[in-house]
Amino acid sequence: TLTRHALVAAISGIATVGIALQAHAATEVNLGHTLSDSSHYSVGADAFKETLERLSDGEFTVTEHTSGSLGGEREMIEGLQIGTVDVVITSTGPLGNFVPETYVLDLPFLFENYDQARCVLDSELGDELLEKMGDHDLVGLAWTENGFRHLTNSQREIATPADAEGLRVRTMENEVHQEAFRQMGARPTPMAFPELFTALQQGTVDGQENPITVIVATNFWEVQDYLSLTGHVYSPAIVLGSPILLDGLSDEERGWFREAAVASAEATREEVSRLEREGVALLEENGMTVKTDIDVAPFQEAVQPAYEIFTSEYGTEMLERIQDKA
Ligand code: EAX
């Protein structure tokens, strides 16, 4: 009877587990980014969610955490490494702190236009860099996009590097960017994005730099009067996954994540392109003074030492390969 009893218990146990598994079959995937619900990252997050849920037939559900509710970009990347966050859409801003090979992408005036930048990121070189994430407890799913960065500030119109002299400019937590602004004569202050709006509002910093996409999505006109279209650096973004989640999945499941990330990048790039066409007018309507005809040559010259500092530390191979393609 003991055996029979054990058998019955085991069978009912299995049945219970079976029901429990069915009821909780979907794995919740937490996706984070720093921008608002109306941003190009949210367009990309929606595409990721739609694609992953469709391909996996509901095996995975995606919950989007926007506006830095899971932390700044550096914090979220750390979250991926320890498994508290599953997927992140982030600029490469803080990524060099984890994967130094990506610093090359953050060099000022490296790319001339969107086609060039997208073409390089979609090439073998882009794939190589995605694979590099694996050496640093991250999974590179796809390159996506933030956009060409421009300078805004609350003090004055800026047309030359001399105009930026002494300006306290928030930069991302990125050595290459900090160096470039130092060379320009500004006073770079690295800071996580979720702290930026308040810092501008309270005057802790005078200015910041971000693509049209981000300036629009964050209502920066409320705290910044001047925008100069310096386009001083292309800001790539990346869809990253946590190895803690992804390493435990089958090849097929991981494939769904990659497809979802590629769909996310396509949707985001389209939205970036739309905002490049329509965003400046929108910012002007909201009261920003926009300096459009900037002579970039003096800016380019001013930031040149950033290249020397970069190459002395990380070599010239990657840089030359990009310059050959561009
Ligand atoms: O990725 O920190 C920044 O300025 C970024 O451009 C923003 O978080 C979007």
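Predicted model: local features only at pLDDT ≥ 70, side-chain atom pairs only at ≥ 80, totals over all residues.
Local features need pLDDT of at least 70, side-chain atom pairs count only at pLDDT 80 or more, and totals for chains, interfaces and linings use all residues. Residues are numbered from 1 along each chain as its sequence is written, and side-chain values use heavy atoms, with hydrogens and water left out.

Q: Why is aspartate 57 called exposed?
A: Its relative accessible area is 72%. Exposed means over 50%, buried under 20%, and partly exposed in between (1.4 Å probe, protein chains only). Aspartate 57 is therefore exposed.

Q: Where is aspartate 57?
A: Aspartate 57 sits in the loop between α2 (40-55) and β2 (60-65). Helices (H or I, at least four residues) and strands (E, at least two) are DSSP runs, numbered from the N terminus. Its phi is near 55°, a positive value in a residue other than glycine.

Q: Why is serine 67 called partly exposed?
A: Serine 67 has a relative accessible area of 46%, so it is partly exposed. Its loop runs between β2 and α3 (73-82). Its phi is positive, about 55°, although serine 67 is not a glycine.

Q: What makes the buried residues of α12 line one face of the helix?
A: The buried residues of α12 (residues 304-314) are Ala306, Tyr307 and Phe310. Seen down the axis, they fall within an arc of 100°, so they line one face. That arc is taken from the directions from the helix axis to the C-beta atoms. Glu308 and Ser312, on the other side of α12, are exposed.

Q: What do the buried residues of α12 pack against?
A: They pack against α6 (175-183) and α13 (317-325). Contact means heavy atoms within 4.5 Å.
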